[in-house]
Amino acid sequence: MVSNIVILTGAGISAESGIDTFRDGGGLWEQHRVEDVATPEAFARDPDLVHRFYDMRREAIQAKLPNPAHGALARLDAVWNGRLLIVTQNVDDLHERAGARRVLHMHGEHLKAWCTACDVRSPWREPLIDRPPCPVCQSRSLRPDIVWFGEMPYRMGEIYAALREADLFVSIGTSGAVYPAAGLVRDARELGIETLELNLEPSQGSQWFHAARHGPASELVPAWVEEVLAGAGNSGP
C-alpha cells in the first residue's frame, strides 16, 4: 500500500503553461549558449548579459498560469495523509500558485534573489540589472537564485531522506538527462521503491522505471491523481 510519495517534476509539466522547456529545439536556451548565461563563470565574465536573461525570464513567468497538471498535484498535496514531497527542477512558481505546499525547488527559483554578501535569499519580482540593494544588508551583490551548471542543487539531503521513506517515486515531465535529478529513479529502484514515469515521450532514463505512461502532462497527471485518491493506485503505479 502506498503511503509516502516522492514526485519529481521537470520542464515538461510547465510546458503546457507556455514556459519553454530546456532541451527542446525551441527551448529557452536556443538563443544563448549555456556557457554564456548559466554558469558562475558566465556571471563573472558578463553579469549584465546574465542579468538581462534572467530578468526577462522572471518577468515572463509571472504572466503564466498553472495548468491542470499543477492543479492535480496541488489537490493531491492538499488531501494526502501520508508523506508527500514534490521535488521540482523547475524555477517557476506554478506549483505554489496552483496551491501545492509540500514543494522543494532543487534548482532555485526565479522569484528569489540571492545576496552573495550576506547569503540571504529574498523574494524578488523586479529586475536585477541595475544592481538594487539587498533588502537585508544593503549590499549590491544580488544574483538570480538559480542553480547554475557546476553548482550543487539545493537540499539534496532532504530529497534523499524523503526517498528513503517513500513507497512510490513518480517522475513527471523530465528529460532524464540532468543529474543528480536523473539518478533518483535508480536510487529509488535500489531502495526497492515502485517507480512511475509520466512524460510526453520516453525520457533518457525511461528504462529504469517499473511503469511508464506517455502523453501530455495536463492529461496524464490528473488521471493518475484520480487513481491514487480513489485507491486504485495503492498497489502500485
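Which residues is I7 in contact with, leaving aside its neighbours within four places in sequence? The close-ups below start there; keep in mind that this is a predicted model.

**View 1. I7 and its surroundings.** I7 is found in strand 1. Leaving aside neighbours within four places in sequence, its contacts are L73, L76, L84, L85, I86, V87, V170, I172 and W224. With a relative accessible area of 0%, I7 counts as buried. Look for L184 as well: I7 and L184 sit 177 residues apart in sequence, and their C-alpha atoms are 10 Å apart in space.

**View 2. The largest nonpolar core.** Zoom out from I7 and you see the largest nonpolar core, with 25 residues. The members that touch the most others are I7, L73, V170, V221 and W224. Strand 1, helix 5 (68–79), strand 2, strand 7, strand 8 (194–199) and helix 9 (217–230) are the elements that each give two or more residues to this core. Helix 9 supplies the largest share, six residues. As a bit of background, nonpolar side chains tend to be buried together in soluble globular proteins.

**View 3. W224 up close.** Now put W224 in the middle of the picture. Not counting residues up to four places away in sequence, W224 touches I7, L73, L76, L168, V170, L196, L198 and R213. Another core lies apart from the one W224 belongs to. This other core has 17 residues, and L104, I159, V185 and A188 are among them.

View 4. Which residues of helix 7 (residues 156–164) are buried? They are M156, I159 and L163. These three cover an arc of only 60 degrees around the axis, which puts them on the same side of helix 7. As for what covers the buried residues, the list includes strand 1 (5–9), strand 2 (84–88), strand 3 (103–105), strand 7 (168–172) and helix 8 (184–190).

View 5. Strand 4 (residues 108–115) pairs with strand 5 over three bridges.

View 6. How many aromatic pairs does the structure hold? There are four, and two of them are picked out here. F43 and W148 make a tilted pair, 5.4 Å centre to centre with 45 degrees between the planes. F43 belongs to helix 3 (residues 40–45) and W148 to the loop between strand 6 and helix 7, so this pair ties together parts that are 105 residues apart in sequence. Both F43 and W148 are buried. For F53 and Y54, the ring centres are 5.1 Å apart and the planes stand at 85 degrees, so this pair is edge-to-face. F53 and Y54 are buried too. Taken together, F43, F53, Y54 and W148 form one aromatic cluster.

Methods
Residues numbered from 1 in each chain as written. Predicted model: local features only at pLDDT ≥ 70, side-chain atom pairs only at ≥ 80, totals over all residues. Heavy atoms only, no water. Buried < 20%, exposed > 50% of the residue type's maximum accessible area, 1.4 Å probe, protein only. Helix = DSSP H or I, 4+ residues; strand = E, 2+ residues; numbered from the N terminus. Arc of directions from axis to C-beta. Contact = heavy atoms within 4.5 Å. Core = buried A, V, L, I, M, F, W, Y, C linked by side-chain atoms within 4.5 Å. Pairing = 2+ DSSP bridges. Phe/Tyr/Trp six-rings, centres within 6.5 Å; stacked < 30°, edge-to-face > 60°.
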